[in-house]
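Subject: Structure handover

Hello,

Here is the structure I promised you. Please open it next to this email and follow along.

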Amino acid sequence: MHKNKTYTLAALAKTLDLKLDGEPEHEVSGIATLASAAADQLSFYHNSKFFADLKTTRAGAVIISADCARDCPGNKLICENPYLAYAHASHLFAAGDADSRLIHPTAQIHESAVIGSNVGIGANVVIGENVHIGNDSCVGANTVIGSNCRLGKGLSLHAGVTLYAGVSIGDRAVIHSGVVIGSDGFGFARDGEKSVKIAQLGGVQVGDDVEIGACTTIDRGALEDTVIEDGVKIDNQVQIAHNVRVGENTIICGCSAIAGSSTIGKNCIIAGAVGIINHVHITDGVTVTAMSLVNKSITTQGVYSSGTGLSESAQWKKNIVHFKKLDDMAGRLKALEKRDEET
Amino acid sequence: MHKNKTYTLAALAKTLDLKLDGEPEHEVSGIATLASAAADQLSFYHNSKFFADLKTTRAGAVIISADCARDCPGNKLICENPYLAYAHASHLFAAGDADSRLIHPTAQIHESAVIGSNVGIGANVVIGENVHIGNDSCVGANTVIGSNCRLGKGLSLHAGVTLYAGVSIGDRAVIHSGVVIGSDGFGFARDGEKSVKIAQLGGVQVGDDVEIGACTTIDRGALEDTVIEDGVKIDNQVQIAHNVRVGENTIICGCSAIAGSSTIGKNCIIAGAVGIINHVHITDGVTVTAMSLVNKSITTQGVYSSGTGLSESAQWKKNIVHFKKLDDMAGRLKALEKRDEET
Amino acid sequence: MHKNKTYTLAALAKTLDLKLDGEPEHEVSGIATLASAAADQLSFYHNSKFFADLKTTRAGAVIISADCARDCPGNKLICENPYLAYAHASHLFAAGDADSRLIHPTAQIHESAVIGSNVGIGANVVIGENVHIGNDSCVGANTVIGSNCRLGKGLSLHAGVTLYAGVSIGDRAVIHSGVVIGSDGFGFARDGEKSVKIAQLGGVQVGDDVEIGACTTIDRGALEDTVIEDGVKIDNQVQIAHNVRVGENTIICGCSAIAGSSTIGKNCIIAGAVGIINHVHITDGVTVTAMSLVNKSITTQGVYSSGTGLSESAQWKKNIVHFKKLDDMAGRLKALEKRDEET
């Protein structure tokens with residue numbers, strides 16, 4: 001997948017605002033790890049666990065901080081935050097679809113839809129009534145966009161996305177394949193043993209610079225909207241229920257599930273496979289570790305966990321017998337302490 | 001998304017069988033919470049935690065029980081179960097797709113398929129051999145229906161659903177986008193280190209009044225069918241393996257996973273992100289709380305849980321060290337008790 | 001779904017290399033369990049928990065081992081591994097799509113794509129630039145295949161699959177509906193509070209004889225490829241992050257999640273809803289039980305678990321109070337032991 005986009009180190013230094021210590025005319029046409037990079041590839045050094053690789057790298061140039069530069073054998077591109085510079089550099093080597101700005105003749109676009117300039121629309125895309133799509137956006141093949149959706153500028157909907165009616169998505173968002181946004185929230189009233197569906201009348205608002213991973217689902221609100229604020233990054237297979245609000249720049253890793261009406265603050269990190277029950281509130285700057293269950297609100301910034309850690313099953317089976325009697329054990333310990341004090 | 005459907009309170013009272021205490025000609029054109037409703041919106045009061053909102057609401061009318069009505073400042077629509085009445089009312093304000101009953105010219109419908117009257121079929125839908133679809137049903141754009149599927153009356157398949165061959169779905173079911181029904185069960189026989197696929201020859205039966213959330217997957221049976229009984233409500237991203245049976249009116253929340261051949265009784269509530277291992281049986285009326293693992297059959301009605309609850313990670317790390325030695329701790333406690341008794 | 005494919009027992013014995021003890025001309029046209037099989041159906045006996053069913057079965061023939069054959073009342077097809085023989089037999093009774101080898105006129109195939117012989121391509125399929133598809137493969141309706149994908153021989157992509165650009169899949173793979181392969185890995189560099197996307201320049205390599213269940217997602221690598229080796233079987237709704245490597249013949253059950261750069265050895269069994277954090281390594285031959293969290297590398301073959309097991313919630317709530325004080329309890333136990341020794 002590494003495309004043959006070739007840059008001189010001088011050009012890279014200028015484009016990425018890096019300081020070149022090396023050959024300005026040397027050319028690179030890809031990025032690779034320090035261990036595997038060849039002379040025509042760029043690499044980066046950001047973590048001391050790769051120090052041995054740095055000393056022996058054959059990379060054509062290394063993005064590196066000033067204080068580590070002396071340990072780099074070849075060309076250096078110097079900056080304060082090499083990992084961030086790598087992030088910016090990576091886009092220079094990414095493939096671009098040549099014909100992504102055409103509207104495919106098989107696309108079904110409602111006559112009332114307003115499509116911006118320089119918008120690409122793939123084969124078999126279906127766009128409903130009164131949809132707006134901003135300039136410079138791309139819609140992948142077989143994606144369906146329901147009526148009254150409002151999509152920003154420079155965004156990318158990959159192939160096979162489904163937006164129900166009334167979803168709004170901000171500028172520069174990236175929505176991956178299999179994503180469903182705006183499906184009905186899971187709301188029912190009981191009538192004896194039967195469940196009576198509550199029509200989900202709210203919508204979904206997704207902010208600017210949001211990325212949403214493959215097969216993630218975001219339900220529409222019951223009355224008010226489900227809201228994903230600007231800069232939020234959501235990984236694959238995350239489930240976001242109705243009326244959830246996710247604060248700015250929060251990161252949600254794969255397979256996490258957030259139940260109805262819960263809120264997550266700004267700048268949180270929700271690791272993979274986390275569960276968050278309904279109607280809880282997580283304050284700003286909280287980290288929840290992998291596969292934890294948030295079963296109450298979190299009002300203080302910090303790192304939170306649940307679970308038992310991994311054991312060999314034979315030992316684990318012995319331990320969980322006692323976990324199920326932990327209240328009894330605690331009582332017996334207390335009784336012993338009491339008798340001990342009395343003697 | 002609130003459509004401008006407007007009703008007088010007299011009309012709402014009549015349609016929903018509520019007792020009006022207030023102005024019959026007052027009009028409302030949407031539903032909102034007590035706190036946010038305006039004079040042209042309906043609201044409802046069903047939970048004392050909203051009591052302060054009730055006293056100050058500006059809603060055009062409030063659905064409320066008789067014994068709470070005196071605390072409501074404006075128009076009242078009185079009934080026994082306000083939340084249920086809200087559920088019914090919500091559908092009066094839901095958007096309807098104007099053209100949802102047409103068959104789009106790009107739909108690929110096999111000549112042997114039998115399509116009822118007043119059926120809507122979206123763009124790029126593919127319908128296989130010998131499929132039957134009942135009257136008044138809707139199939140969203142880009143949905144694929146395999147051969148020999150039997151779909152009931154008044155059902156709704158949203159955009160981007162995939163049904164494999166031989167799936168049957170009852171009347172009034174709602175199937176959300178990204179759902180896959182009838183994919184192969186995960187069945188293999190070992191031949192040394194290799195896995196030999198077992199052809200999955202059963203089908204899937206989904207009953208009447210079932211709702212299935214976005215990106216949920218239901219596998220076909222190995223020999224007999226996977227069965228979802230009438231009135232079951234399944235949220236997003238639930239996985240139901242081959243030969244599972246889910247009993248009537250059971251509710252399964254988002255991201256739960258049910259392994260092969262397990263059965264769930266009637267009127268159960270399976271909360272979010274629950275795991276149920278294979279070949280276990282859960283009796284009627286059981287509740288399993290969020291993110292619990294059901295690793296054995298449940299034969300007595302009740303509420304069941306697993307997990308540790310959430311802690312700050314620093315404390316949690318200290319605790320799990322001891323969890324892994326809990327069997328040892330229990331033995332030491334017993335030894336102390338024995339010595340204590342002997343002294 | 002049982003198709004009327006009919007075989008004599010003599011034909012089955014010959015095709016499947018079984019020893020017939022019974023009527024060679026007897027015909028069967030389906031497979032069923034011992035308890036439900038009729039005289040025109042085949043069954044199999046592989047587990048002593050079905051012994052009562054064996055004694056009373058009305059099956060037209062039973063696949064059975066030699067040492068159990070005397071307990072079978074009717075026709076027997078004898079072999080060493082009846083469950084494996086059933087796996088092979090099952091395919092004889094599976095439905096085949098009559099027209100699956102045609103290329104549907106609505107398919108959008110880029111002129112540079114190279115399509116093998118005897119390939120079936122469904123309606124609305126979109127195939128990008130420079131894609132190669134091997135002989136005897138099938139692509140289901142509404143599937144999208146990005147540019148530069150390389151697909152092997154005899155493979156099956158079901159309806160509604162999405163492959164991003166640059167994905168390679170080996171021979172005889174089976175990819176179920178809703179699968180997304182090649183979506184961007186979840187990689188960002190922090191720039192203050194904002195996340196800067198790292199372009200994901202690697203691809204995905206899927207080996208021969210791999211099966212991937214519905215709505216599973218496999219992300220492309222950041223620099224190098226994500227790799228699924230030969231013979232791996234992956235169930236529904238599994239999430240595989242960038243740069244993961246899954247070793248040969250490993251089995252991953254539904255809803256498991258594997259975070260970035262982790263590796264799983266050969267011949268492992270990852271049960272359902274397991275979480276594996278990033279950058280850990282699991283050696284060959286490991287089993288992880290359902291819903292466990294692998295939060296460290298596993299270097300020794302064996303069976304591993306986490307979690308607490310299921311309890312009634314009332315008891316569970318009492319126990320988790322003490323789990324959160326387990327470090328304190330352990331300290332108090334140790335103090336008691338010390339005092340006990342001193343007295």
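In which sense do E37(A) and strand E38 of chain B pair? They pair in the antiparallel sense, over two bridges. E38(B) covers residues 311–312. Within this pair, A:Tyr304 stands opposite B:Glu312. Strands count as paired if DSSP finds at least two bridges between them. Strands (E, at least two residues) and helices (H or I, at least four) are DSSP runs, numbered from the N terminus.

Some ground rules before the rest. This is a predicted model, where local features need pLDDT of at least 70, side-chain atom pairs count only at pLDDT 80 or more, and totals for chains, interfaces and linings use all residues. Residues are numbered from 1 along each chain as its sequence is written, while chains are lettered from A and ligands numbered from 1 in the order in which they are written.

**Chain A by itself**

Chain A has five helices and 38 strands. Its radius of gyration is 26 Å, well over the 20 Å that the globule rule gives for 343 residues, so chain A is more spread out than a compact globule. That radius is taken over C-alpha atoms, and the rule is 2.2 Å times the number of residues to the power 0.38. Along its principal axes, the C-alpha trace of chain A spans about 85 × 65 × 35 Å.

Look for the open sheet of 10 strands in chain A. The order is E7-E10-E13-E16-E19-E24-E27-E30-E33-E36, with parallel pairing. E7 (108–109) and E36 (293–294) stand at the edges, each with a single partner strand, so one side of each has no neighbour in the sheet. Inside the order, E27(A) (residues 239–240) and E30(A) (residues 257–258) run parallel and are joined by two bridges. Here A:Ile240 stands opposite A:Ile258.

**Strands in chain C**

In chain C, E16 (residues 162–163) and E19 (residues 180–183) pair in the parallel sense over two bridges. C:Thr162 has C:Val180 as its bridge partner in E19(C). E19(C) also runs parallel to E24(C) (residues 217–219), with three bridges. This time C:Val180 is partnered by C:Thr217.

**How the copies are related**

Chain A can be laid on chain B by a turn of 120° and a shift of 0.0 Å along the axis, with an RMSD of 0.0 Å. The two copies are thus related as by a three-fold rotation axis. In chain A, the C-alpha nearest the axis is that of A:Gly307, 3.4 Å away. Superposition is by least squares on the C-alpha atoms of residues with pLDDT of at least 70 in both copies.

**Where the chains meet**

Residues are in contact if their C-beta atoms, placed from the backbone, lie within 7 Å.

Start with chains A and C. Here 63 residues of chain A are in contact with 62 residues of chain C. On the chain A side, the elements that give two or more residues are H3 (82–90), E38 (311–312), H4 (313–323) and H5 (326–342). H5(A) gives the largest share, seven residues. By class, this side has 29 nonpolar, 26 polar and eight charged residues. Nonpolar means Ala, Val, Leu, Ile, Met, Phe, Trp, Tyr, Cys and Pro; charged means Asp, Glu, Lys and Arg; the others, Gly among them, are polar. E38(A) runs antiparallel to E37(C) (residues 303–305), joined by two bridges. A:Glu312 stands opposite C:Tyr304.

Now chains A and B. Here 62 residues of chain A are in contact with 63 residues of chain B. The elements of chain A that give two or more residues include E19, E20, E21 and E37. The largest share, five residues, comes from H5(A). This side divides into 25 nonpolar, 27 polar and 10 charged residues.

Last, a helix pair. The axes of H4(B) (residues 313–323) and H5(C) (residues 326–342) come within 7 Å and cross at roughly 55°. That makes H4(B) oblique to H5(C). Angles under 35 degrees count as roughly parallel, over 145 as roughly antiparallel, 65 to 115 as roughly perpendicular and the rest as oblique. Axes are lines fitted to C-alpha atoms, for helices over the stretch in contact, and angles run from 0 to 180 degrees between N-to-C directions. Among the residues making the contact are B:Phe323 of H4(B) and C:Leu326 of H5(C).

Best wishes

Conventions:
Contact = placed C-beta atoms within 7 Å.
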